[in-house]
Amino acid sequence: MKSMLRVTTALAGVAFAGSAFAADLPRRAAPPPVFTPVPVFTWTGAYFGINAGYAFDASDRNTGNTFAVPFPYAAPGTVASFRNRSQDGFSGGGQIGYNWQITPGSGLVIGVEADAQYLDFGRNRNNAFISGALAPGYYVTDPRGLSSLDFFGTVRGRLGYAFDRTLVYGTGGFAYGSGSADRSFGGYAGNDSFRTGWAAGGGIEYALPTDSFLNFFRSSAVTLKVEGLYVNLDRGTRNQGAFVINAANNFPVVYSGVGRRDDQFAVVRAGLNYKFGTF
């Protein structure tokens, strides 16, 4: 019996010594945390979006016109005078483009953008002031001016510098416009319907995080921008002057050209873009 007790005591001592030795051993180090680098934002990629803003006349206000209405459409000496009225109104539309950033993060950004815009200049048409008497059944109108513009568009280059998610840029290129000056006198079509010119401006754009609540299309980024644009449309020498209109069929019977003239206006607008491509 005593022998069994001695064996049990010896085994217990060995077990205790083993546990104490194990406690002295160094513990195995935990694995290092996995480091996932945050992607560097780049403006490179295609995008599309919408915009809205306000357009206002930037033309030279010294371009009025006086038109001597000939007999038999008016009494001898009758003169129609036109004053240019400063015009302004809503502008809105959409854009599509592509940017290429030379160095991700902060760096030079080169791009191209095309847009198409609606214009609300038509509510302020140019008016004629008659000195004398028109023959019954005729009236005079001057379809010149921004009142004849209903929409315009541009195709522009963009050059800017990105400060990470903030892009400051300048822009310039081709511009075109068209409208329905025929509404000035009841339906005559064919006058000054299409014009071309140029546009220039600049703006600032900021990219929201990818998980923004505005990211309905799961794009790589949603960007917000504020932009100013100056547009100059050359009207050339075609159909630039006053018309005597036959009220019975709203067709012009007399036309007086006034030569070359430009239409100039400025647009201030805010826009939203969805960018696709790299992060």
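## Nonpolar cores

A nonpolar core here is a set of buried Ala, Val, Leu, Ile, Met, Phe, Trp, Tyr and Cys residues joined through side-chain atoms within 4.5 Å; buried means under 20% relative accessible area, exposed over 50%, and partly exposed in between (1.4 Å probe, protein chains only). This is a predicted model, so local features need pLDDT of at least 70 and side-chain atom pairs count only at pLDDT 80 or more, while totals for chains, interfaces and linings use all residues. Residues are numbered from 1 along each chain as its sequence is written, and side-chain values use heavy atoms, with hydrogens and water left out.

With that out of the way: the largest nonpolar core has 13 residues, and those with the most contacts inside it are Leu-119, Phe-121, Leu-149, Phe-152, Val-231, Leu-233 and Phe-265. Strand E11 (221–234) and strand E14 (262–276) are the elements that give two or more residues to this core, and E11 supplies the largest share, 3 residues. Helices (H or I, at least four residues) and strands (E, at least two) are DSSP runs, numbered from the N terminus. Apart from this core lies another one of 8 residues, including Phe-41, Val-109, Tyr-169 and Ala-207.

Val-231 is a handy place to look around. Not counting residues up to four places away in sequence, Val-231 touches Phe-152, Ala-175, Trp-198, Ala-199, Asp-263, Gln-264 and Phe-265, where contact means heavy atoms within 4.5 Å.

## Aromatic pairs

Rings of Phe, Tyr and Trp (its six-membered ring) pair if their centres lie within 6.5 Å; planes under 30 degrees apart count as stacked, over 60 as edge-to-face and the rest as tilted. That rule gives 10 aromatic pairs. One of them, Phe-48 with Phe-276, is stacked, at 5.9 Å centre to centre and 10° between the planes. Phe-48 sits in strand E1 (residues 45–57) and Phe-276 in strand E14, so this pair ties together parts that are 228 residues apart in sequence. Phe-48 is partly exposed at 34% relative accessibility, and Phe-276 is partly exposed at 32%.

Phe-152 and Phe-265 make an edge-to-face pair, 5.2 Å centre to centre with 75° between the planes. Phe-152 belongs to strand E8 and Phe-265 to strand E14, so here the linked parts are 113 residues apart in sequence. Phe-152 is buried at 0% relative accessible area, and Phe-265 is buried at 0% relative accessibility.

The structure holds 2 cavities of 30 Å³ or more. On a 1 Å grid over the protein atoms alone, a cavity is a set of points where a 1.4 Å probe fits but cannot get out, and lining residues have an atom within 4 Å of a point. Grid points are joined across faces, edges and corners, and a volume is the space filled by probe spheres set on the points.

The second largest cavity has about 30 Å³ of space. Its lining consists of Asn-99, Val-109, Ile-110, Gly-111, Arg-158, Leu-159, Gly-160, Leu-167 and Tyr-169, with strands E5 (106–119), E8 (151–163) and E9 (166–178) each giving two or more residues.

## The whole chain

The secondary structure of the protein chain comes to 1 helix and 14 strands. Buried residues make up 43% of its 279 residues. Among contacts between residues at least 6 apart in sequence, 77% join residues at least 24 apart.

Methods
1 Å grid on protein atoms, 1.4 Å probe; cavity = no way out; pocket = protein on both sides within 12 Å on 5 of 7 lines; lining within 4 Å.
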